[in-house]
Amino acid sequence: SRDDAEMADAREFVGSANPWLAEEIAQVVAGEVSKTFLDSELMTVSNGTISANLSLVPLRDGDRATGVLMMIDDISASKRLEGTIRRFMTQEVMDQVLAHDGDALFGSACQASILFADVRGFTTMAEALTPRETVELLNELFTEMYEAVASANGVLDKFMGDAIMAVYGAPLASDQDALNAVTSAVDMLRMLDLINARRADRGAAPVRIGIGISTGEVVAGTIGSPKRMDYTVIGDSVNLAARLQELTKTYGVELLLCEDTAAAISGQVETREIDVIRVRGRTRPAKIFEAVAPSRTADIGRKASVVAYRKGRTHLLSRNWQGAIADFEEAVAQDPSDAPAKVMLDRARMLAQQPPDSNWDGVWQSPAKT
């Protein structure tokens, strides 16, 4: 108890649980020289252990030594916090967070960009691999993906089997968060080309990934139990990013963005509107966009296909089915690899055969079979 501590001989009271400290106190008394110990482990009277910074300072009354001043700074909480965030933040981001006393980690609403990236067809691919080869492939991919996230000031939120989730703007926001997220995605696709080149040399099949990015308000903070905490974000924007990643399969593209992300990077990265979708919890249909890889922005056929695609989307939404069909046919002719144009061409043909109701809002629903 406190009363016991106040009446006890310090050397006996401290030394009973921490013999090394009693020895250090004795040396300070004898040599009259201060000592400092950083990040030391101390046993408490309740047999618990704390991490502490410790200072021992000799006290004098004139020529007479009167004792030792012992100052203990318990850093256990900050060490746990640092241990938690070190697993998913770069040193640069961690230093900024700790400079703010870690307040940003304990729950806040903020604007952020969320990235989901998933390996396409991984289950089928893994069936042809040994367990060790499966782990080695994932480690190779995730190593490069992590570097793409970290180099753009992102936070790797979690690994999820053959997918990852990353956050830009939480816990610390900037005016470049959406651009950083898209930059990370483009870097991931670039590194995947290099990995596939190496795989081709070994006669291995290429690996594909799909990436979805959304931007909006999220709730961010460390969530879990005292023994296992993880930093994460929750909210509609997280769900939308996950859905966009899934939709890359539908449209045959590598990278899809929400409308807010596309607006934030306007003029910096080429995008095109792909479609409008229904988002759960929202009444107004949401536009989704494709981010065009820099390697394809100068392709003449690609440019002509994008122009025809945009015209086709305009005709489709104005219910000019034949005009839309002609435009999407032109888009495919200009760029046979334009998967979204093929999707829209099939859609326009189906809508021409079975038009939607007059109050159609542009969101696709497969016509009922007759």
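The following paragraphs go through a predicted model, from the whole chain down to single residues. Local features are taken only at pLDDT of at least 70 and side-chain atom pairs only at pLDDT 80 or more, while totals for chains, interfaces and linings use all residues. Residues are numbered from 1 along each chain as its sequence is written, and side-chain values use heavy atoms, with hydrogens and water left out.

The protein chain has 13 helices and 11 strands; these are DSSP runs numbered from the N terminus, with helices (H or I) of at least four residues and strands (E) of at least two. Of its 370 residues, 43% count as buried, where buried means under 20% relative accessible area, exposed over 50% and partly exposed in between, with a 1.4 Å probe and protein chains only. Contact means heavy atoms within 4.5 Å. Among contacts between residues at least 6 apart in sequence, 59% join residues at least 24 apart.

Val28 lies in helix H3, residues 19-31, and is buried, with a relative accessible area of 0%. Its C-alpha atom is separated by 7.4 Å from that of Val68, 40 residues apart along the chain. Leaving out residues up to four places away in sequence, Val28 touches Val33, Lys35, Leu56, Val57, Pro58 and Val68.

Further along is the pair H11 (residues 300-317) and H12 (residues 321-334). Their axes are 8 Å apart and the helices pack at an angle of about 165 degrees; axes are lines fitted to C-alpha atoms over the stretch in contact, and angles run from 0 to 180 degrees between N-to-C directions. H11 and H12 are therefore roughly antiparallel, a term for angles over 145 degrees, with under 35 as roughly parallel, 65 to 115 as roughly perpendicular and the rest as oblique. Residues of H11 in the contact include Gly301, Ala304, Tyr309 and Leu316, and among those they meet in H12 are Trp321, Ala324, Phe328 and Gln334. The contact residues divide into 8 nonpolar, 6 polar and 4 charged (Ala, Val, Leu, Ile, Met, Phe, Trp, Tyr, Cys and Pro are nonpolar, Asp, Glu, Lys and Arg charged, and the others, Gly among them, polar).

H12 has 14 residues and reaches 20 Å from its first C-alpha to its last, close to the 20 Å expected, the expected span being 1.5 Å times one less than the number of residues. Its buried residues include Trp321, Ile325, Phe328 and Val332, and what covers the buried residues of H12 includes H11 and H13 (339-353). H13, with 15 residues, spans 22 Å, close to the 21 Å expected. Buried in H13 are, among others, Pro340, Met344, Leu345 and Leu351. The buried residues of H13 pack against H9 (236-251), E10, H11 and H12.

Strand E10 (residues 271-277) holds Thr271, which is buried at a relative accessible area of 18%. Contacts of Thr271 beyond four places in sequence are Leu257, Ile265, Phe289, Glu290, Ala291 and Arg310.

Two loop residues remain. Most residues other than glycine have a negative phi. Arg319, in the loop between H11 and H12, has a positive phi near 70 degrees and is partly exposed at 32% relative accessibility. Asn153, in the loop between H7 (131-150) and E5 (155-160), has a positive phi near 60 degrees and is partly exposed at 43%.
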